[in-house]
Amino acid sequence: MADIMTPALGESVTEATVAKWSKKAGDTVRKDEILVELETDKVSLEVASPSDGVLSEISAEEGVTVEPGAILGRVTEGAVAAAPKANGAKAAEAPKAEATSDPKPEPEPAKPAARPAAEPVLAPSAQRIAAENKLDPAAIAGTGKDGRVTKGDALAALEARAKAPTPAPAPSAPREIHAREERVKMTRLRQTIARRLKEAQNAAAMLTTFNEVDMTGVMALRNQYKDVFEKKHGVKLGFMSFFVKAVVHGLQQVPEVNAEIDGTDIIYKNHYDISVAVGTERGLVTPVVRDADAMSLAGIEKEIGALGRKARDGQLALEDLQGGTFTISNGGVYGSLMSTPILNAPQSGILGMHKIQERPMVVGGQIVVRPMMYLALSYDHRVVDGQGAVTFLVHVKDAIEDPQRLLLDV
Amino acid sequence: MADTPSYDVVIIGGGPGGYNAGIRAGQLGLKAAVVEMRATLGGTCLNVGCMPSKALLHASELFAAAGSEFAELGIDVSPKLNLPQMMKQKGESVGALTKGIEFLFKKNKVDWIKGAGKISGPGQVEVTSENGTVTTLAAKDIVIATGSEPSPLAGVEVDQKRVVDSTGALSLSEVPGHLVVIGAGIIGLELGSVWRRLGAKVTVVEFLDRITPGMDAEMAKAFQRSLTKQGIAFKLSSKVTGAKTTKTGVSLTYEPVAGGPAETLDADYVLLAIGRRPFTDNLGLENVGIERDKRGFIPTDHWKTSAEGVWAIGDVTLGPMLAHKAEEEAVACIETLAGKAGHVSYGLIPSVIYTSPEVAWVGKTEEELKADGRAYKVGKFPFSANSRAKINHETEGFAKVLADAVTDEVLGAHLIGPNVSEMIGEYCVAMEFRAASEDVARTCHPHPTRSEALRQAAMGVEGWTMQA
């Protein structure tokens, strides 16, 4: 008998939800065949059968939360599923096959290794506080002997919850559903998005500065070279690569926009890994274009394309999502004219791109029609001063309006 | 030196620190020797301290109860004191206990080297036996556990005849007509109580304006009131200036600390009990470069002295001079030198006075919490509201629990009343586990017992005492 184990979920991911079993107990399965899909805060992943045989037991049903190492189910090796037999003559064989697939007669393998850590030990007072306030005992950090949870620990956990401005309110009795309403459980990804956005709002001193950029120059450049570009690189020349380059240029001039707060310190990052917001059916994800400063425009376009495809197909790996230093979000693709993006914590800046709209502009005393885009920079005022934020945004604007600046690094 | 016996650890001193260190070393498989110059093991505690005093306290308490309390229970007796027998049973109990340690040494393969130990150099202990022969022991580690001795007082010479220290006061051959005790600390009050119960008039002279320094002031006040009721007289804020001894008694002079005319007390015996000092002379500390502090204590860092391979535990180090503190350090010191994780919770060393009523406490006093600026809550419960105490006609005293105002963690427990020495351990465990008062309040206690008062006091911290 082989255990189907929850695999390691990656850095900082401690649990996953069983999303979907593609086989049911009793089914014949092949080694490496996908049996079950798990959803984590960040990605979904698939777990394959450890061996040929019969899926004899499903121990974690859909919707159950599991930790790495937890047993999802068991495969009885070499067994064959008990197919319903029309032929009575072979009836004697069926129970035999069933017996093979019945896990009970076999001794249970030792479980502890796969079990989550020992249950937390709570003092009687801490138990009462947890019970009365619906605190998760496992989520209270114990400072007592051998990690026991003291009353003080429970009270501190309670206070921390009260202090968090709007924690997802402890789901009290769910409200009644009216005839024309529908209740749908949030996916884990949706819950994570909700939580992280709120955390970012709670933690940062966030505000937004605006500017507008005349797209004439970059559009002309693009029109001039788009065919040659595509022919040579096999990828379309879009605006995103210009913005990524312009952002990197700005970050190099104003390093605090590329920094993050850690306790009472500021960590400056001398690498430029740009998170690019991508909308998918499941929700918004922000895969990372790494070392964007060292990439060509073509390289950036290819990378964004590849990440976007992965995101749509739900194939993003955790590594694809971790470690960004700044985020670009393009609300323009949906037609947004202006918005205030929320930071992607722990980053300190996010650039909002918008719809290109022809508007009358005054150029050299004349009113002319120009393709304009509003730019928004939301930033963490704890790290970035207003001057830095505006300087950064003006750098981006200048680089887009006059792309030759990027070439000359001015 | 053809045959220098060689040990992993040599412990100088066979009291509670030394003998427990020996036993623990033996348990951990170390080759250990304990050097003790007394004819019996056990040190001050077993021979001339805790144990014999408890023997006399117990016997004298029953004697006093038989005389004054039995009648109320319907038992008519007229007790007659047999002091020689009382002393004899004390000696027998003590003898049995010291033999018990010898047995434990054999069981754990610890050698008792009889004689006076002295560090003659790094890794060397020289033992001089009673008849003058000198043996040298080689030791990888040396533990100093030589304990303490009564502090002297200028102008009052202890002759162990009329002016005695604690040792002498445990073996008086008669009940004094008037015993004057210098010092209202634990030792003075315990021994004063013994002789008071056996019939002596007892006067206690104390330099400070309160008795039992270190005890929570509210407890000390209640305690003094109780002792006064038993007939012990107190002269506080008084400084003893001299003692003139004659064949039949002592004339003790004292004057107010604040200044004023001197007064004289005529006593049959004087007990000098102003405290104890570390016993660190003639230990050869200079041979390994250890310097003592001004008061003679050996400075240590986690029982390590300034000299490599030399450790010190118990009364020779700073901290309360208590057998159980020494015992705790013995275990931690040996475990540390054996490479394990020795630990002592210094904030949780309980104190007990075995008088009647007893006083027992652990953790912080209210005065300490105030000095620390720590916000705390108080829960109290009197034994007069405790059913068992009431049934036993022993309603004196109360329990007091101090807990952090925010976290409710128990910070101190103070008990006064019969048998509280046996009950304080509950709070020692609770506090070692950093329990909140509510944890004690939510723990089932047997009924009817005096221990219920401890729970009710804990309830009182958060205002839900149920039985008063």
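Let me begin with strands S18 and S19 of chain A, where S18 covers residues 357-363 and S19 covers residues 366-380, and where the two pair in the antiparallel sense over seven bridges. Strands here are DSSP runs of E with at least two residues, helices are runs of H or I with at least four residues, and both are numbered from the N terminus; two strands count as paired if DSSP finds at least two bridges between them. What you see is a predicted model, in which local features need pLDDT of at least 70 and side-chain atom pairs count only at pLDDT 80 or more, while totals for chains, interfaces and linings use all residues. Residues are numbered from 1 along each chain as its sequence is written, chains are lettered from A and ligands numbered from 1 in the order in which they are written, and side-chain values use heavy atoms, with hydrogens and water left out.

What else pairs with S19(A)? Strand S17 of chain A, residues 349-353, pairs with S19(A) in the antiparallel sense over four bridges, with Gly352(A) opposite Ala376(A). S9(A) also pairs with S19(A) in the antiparallel sense, over nine bridges, and in that pairing Thr208(A) stands opposite Ser378(A).

Strand S9 of chain A, residues 206-214, also holds Phe210(A). Phe210(A) is partly exposed, with a relative accessible area of 38%, where buried means under 20%, exposed over 50%, and partly exposed in between, with a 1.4 Å probe and protein chains only. Together with Leu337(A) and Met338(A), Phe210(A) forms a nonpolar patch on the surface, with about 260 Å² of accessible area in total. A patch is made of residues with over 30% relative accessible area and no salt bridge, with like charges joined within 9 Å and nonpolar side chains (Val, Leu, Ile, Met, Phe, Trp, Tyr) within 5 Å; a salt bridge is a side-chain nitrogen of Lys or Arg within 4 Å of a carboxyl oxygen of Asp or Glu. The areas come from the Shrake-Rupley method with a 1.4 Å probe, and for residues only the protein chains shown count as cover.

Still in chain A, Asp146(A) has a positive phi of about 50 degrees although it is not a glycine. Asp146(A) sits in the loop between helix H2 (124-133) and helix H3 (151-163), and this residue is exposed, with a relative accessible area of 73%.

Turning to chain B, we find an open sheet of five strands with parallel pairing, in the order S8-S15-S9-S10-S11. Strand S8 (163-164) and strand S11 (232-235) stand at the edges with a single partner strand each, so one side of each is left without a neighbour in the sheet. Within the sheet, S9 (residues 178-182) and S15 (residues 269-272) of chain B pair over four bridges in the parallel sense, and Leu179(B) has Tyr269(B) as its bridge partner in S15(B).

I will close with the loops of chain B. Ser356(B) and Pro357(B) are joined by a cis peptide bond, with omega about 0 degrees, and Pro357(B) is in the loop between strand S18 (351-353) and strand S19 (358-363) of chain B. The peptide bond from His447(B) to Pro448(B) is also cis, with omega near -5 degrees.
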